[in-house]
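Hi,

Here is the structure I promised to pass on.

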Amino acid sequence: MGQDAQIAIKAYGLILKKTSFGVVVLYPESKEKLLLESNDNHMIRMALVSKNRNFFNFTELDHDLNNQRYYITNKEVYRTQSEPPDYVLHQGKYLNENQLVFVGNASTSIQKLFGIGDLKISSDKGEIEVLQSSDQARVLGEILADDFGVYQVISEDYPEGIKLMYGKEITPRSFIIVDFHIGGDYLKNRQQEQQRIFLLKLNNRKAYWRFYFIEQDQILPALLEIFDGKTKLKISGFEEVTLINNKKAVVATLSDPMPLFYQYKDLKLLATIGEKISSSTPNTIKLSSPISTRIKAFGERKERAYLVEMYITYKLKS
């Protein structure tokens, strides 16, 4: 939480209350007039951490955040064309890499963040700090001291600029930083704001689904089709493989990547499988949903593709 917000909490008797649908800011009625007349802009900063350890598997967020975090603020709200309109806290349909910022504290190496090369650091006050290549070994605290906040950095690698979130500490395992600004102007429109919902939309990661079919008696099928309910899914052929335990299996991969979810509600995966193509009574097997822990990545970061594997043990009916 920013220092301004802490000052406001004490001065105006604000109460921050966490609820199941978000964070509510309460204030005493006796302080309302004082708040309305205030021209100060106070800010509440939150770092969000997912309790689900597979969160980055089934969402299309970057696994390798390292020295970066996603950043959103109610100073940058995007109004959709829908009626009534939605108010989205990010550019584009979903949270994406355009919202990434670098994060660091006083002991963070400048070279670790931005590499070697000249760069400029500017604040919203217009102050500019120019660093030469020889300064890159320094840490942020030597340059920015205790002036914590959001900075703009321009360098050879980021000629159009990228934001730097400089704070006292970096919350471990956090994936996003949220800045919410409150003040007199905000409260003057409080009736409108009470009805406004700010949305943060996350896209599901798409992956190729690969199935390994293992028949208990090691009978290899000649017929294999995969369905989602009554919809036949296209597969890129199927072939015999030998697993690490020396068992034979038939592997089939869906031709098109499919979205991953934490939980699947309407998915009805079935396989039609038979020992002979001409078999009039092929077996129908209910397939399990993909497990996001079994995801694999391949390719370069910008063009990375994902694969999730499932192992199906079954017995052909004679």
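Leaving aside its neighbours within four places in sequence, which residues is Asp179 in contact with? Before I answer, a word on what you are looking at. This is a predicted model, so to speak of local features we need pLDDT of at least 70, and side-chain atom pairs count only at pLDDT 80 or more, while totals for chains, interfaces and linings use all residues. Residues are numbered from 1 along each chain as its sequence is written, and side-chain values use heavy atoms, with hydrogens and water left out.

Back to Asp179. Its contacts (heavy atoms within 4.5 Å) beyond those neighbours are Met43, Ile44, Arg45, Tyr71, Ile72, Thr73, Asn74, Val150 and Met165. Asp179 belongs to strand 12, residues 174-183. Helices (H or I, at least four residues) and strands (E, at least two) are DSSP runs, numbered from the N terminus. With a relative accessibility of 1%, Asp179 counts as buried; buried means under 20% relative accessible area, exposed over 50%, and partly exposed in between, with a 1.4 Å probe and protein chains only.

The whole chain

The chain has seven helices and 23 strands. Of its 318 residues, 39% are buried. Take the contacts between residues at least 6 apart in sequence: 66% of them join residues at least 24 apart. The chain exposes about 19,900 Å², and carbon and sulfur atoms supply 48% of that (Shrake-Rupley method, 1.4 Å probe; for residues, only the protein chains shown count as cover).

The aromatics

Rings of Phe, Tyr and Trp (its six-membered ring) pair if their centres lie within 6.5 Å; planes under 30 degrees apart count as stacked, over 60 as edge-to-face and the rest as tilted. By this rule there are 14 aromatic pairs. One of them is Phe55 with Phe58: the ring centres are 6.2 Å apart and the planes are at 85°, so this pair is edge-to-face. Both residues sit in helix 3 (residues 55-58), three residues apart, about one turn of the helix. Phe55 is buried at 10% relative accessibility, and Phe58 is buried at 10% too. One aromatic cluster takes in Phe55, Phe56, Phe58, Phe175 and Tyr262.

Asn52 is in the loop between strand 3 (41-49) and helix 3. Apart from neighbours within four places in sequence, Asn52 is in contact with Phe58 and Tyr262. Its side chain also reaches the backbone nitrogen of Asn54 at 2.8 Å.

What about Thr293: which loop is it found in? Thr293 lies between strand 21 (283-286) and strand 22 (295-298), and it is partly exposed at 46% relative accessible area. Thr293 and Phe55 are 238 residues apart in sequence, yet 9.9 Å apart in space, C-alpha to C-alpha. Leaving out neighbours within four places in sequence, Thr293 is in contact with Asn54 and Asn57.

Three strands form an open sheet in the order 5-6-13, with mixed pairing (two strands pair if DSSP finds at least two bridges between them). Strand 5 (78-79) and strand 13 (198-199) are the edge strands, each pairing on one side only. Strand 5 and strand 6 (residues 87-88) run antiparallel and are joined by two bridges. In that pairing, Tyr78 stands opposite Val88 in strand 6.

Cheers

Key. Polar contact = N/O pair within 3.5 Å; in protein donor to acceptor, adjacent residues only side chain to side chain.
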